[in-house]
Amino acid sequence: MEIIHIDKRILVAVKPNGVLSTDESGGMPQLLREQLGDPKACVRTVHRLDAAVGGLMVFARSAKAASLLGQQMQERRFHKEYLAVVHGTPPSSGELRDLLGRDKVRRITYVAEEPGKDVRPALLDYQVLDSHNDLSLVRIVLHTGRTHQIRVQFASRGWPLVGDRKYGSCADGDFPIALWSWRLRFAHPESGETMEFSALPPHSGPWWGFTMPT
């Protein structure tokens with residue numbers, strides 16, 4: 001497990017594809033406690049990534065830190081950027097704004113036509129960084145945190161993420177989903193200092209051949 005930063009209040013690590021972000025058997029908090037050599041260490045999940053998605057996560061190392069980080073997220077002061085490889089070539093930049101509903105039985109998210117029960121607004125901005133072979137590398141700034149938001153908003157416009165067999169990309173072999181938590185920026189829960197971290201995806205699989213941001 002790659003730990004990017006650790007102090008007495010927070011821990012920033014890279015979550016591998018296929019690992020749960022929540023505190024359960026085989027999840028990131030458990031794996032991090034094992035790596036720290038302390039099975040009773042306080043390691044709290046304060047934001048989530050889908051199990052299939054990799055990249056940066058910050059964990060709280062105290063209840064107060066978890067509360068303060070959660071407050072930043074509610075107030076949209078916690079900045080999250082993602083990288084994704086999508087099929088097709090979207091316009092060079094744009095804003096995606098939708099109403100997203102959640103089918104809890106089928107466990108899928110969908111674009112809704114009208115407000116209703118379990119329907120919530122979703123907003124992100126994106127910029128195309130590179131394109132080749134009818135694939136595009138996009139940088140995404142997420143403003144809301146809906147389940148499968150990025151995957152559904154791009155797929156609904158005909159740009160499904162590479163490797164995302166759940167939302168319309170069925171011919172990508174065994175590639176993991178091409179979505180990566182690339183950059184985080186937030187205020188340290190104790191000092192208030194602005195903390196910023198970035199980590200690029202592995203230069204393999206769906207990410208191969210693209211010019212990455214710096």
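This is a predicted model: local features need pLDDT of at least 70, side-chain atom pairs count only at pLDDT 80 or more; totals for chains, interfaces and linings use all residues.
Residues are numbered from 1 along each chain as its sequence is written, and side-chain values use heavy atoms, with hydrogens and water left out.

The two strands run antiparallel, joined by five bridges; strands count as paired if DSSP finds at least two bridges between them. Arg185, for example, has Glu196 of strand 11 as its bridge partner. Strand 11 (residues 194–198) has Met195 and Phe197 on its covered face, while Thr194, Glu196 and Ser198 sit on the uncovered one. Helices (H or I, at least four residues) and strands (E, at least two) are DSSP runs, numbered from the N terminus.

Now over to helix 2, residues 63–74. Its 12 residues reach 17 Å from first C-alpha to last, close to the 16 Å expected at 1.5 Å a residue (that is, 1.5 Å times one less than the number of residues). Its buried residues are Ala65, Ala66, Leu69 and Gln72. They lie on the same side of helix 2 because they cover an arc of only 125° around the axis, taken from the directions from the helix axis to the C-beta atoms. Buried means under 20% relative accessible area, exposed over 50%, and partly exposed in between (1.4 Å probe, protein chains only). The face turned away from that buried side carries the exposed Lys64 and Gln74.

What do the buried residues of helix 2 pack against? They pack against strand 2 (10–15), strand 3 (44–45), strand 4 (54–60) and strand 10 (179–187), with contact meaning heavy atoms within 4.5 Å. Just after helix 2, Arg76 takes a positive phi of about 60°.
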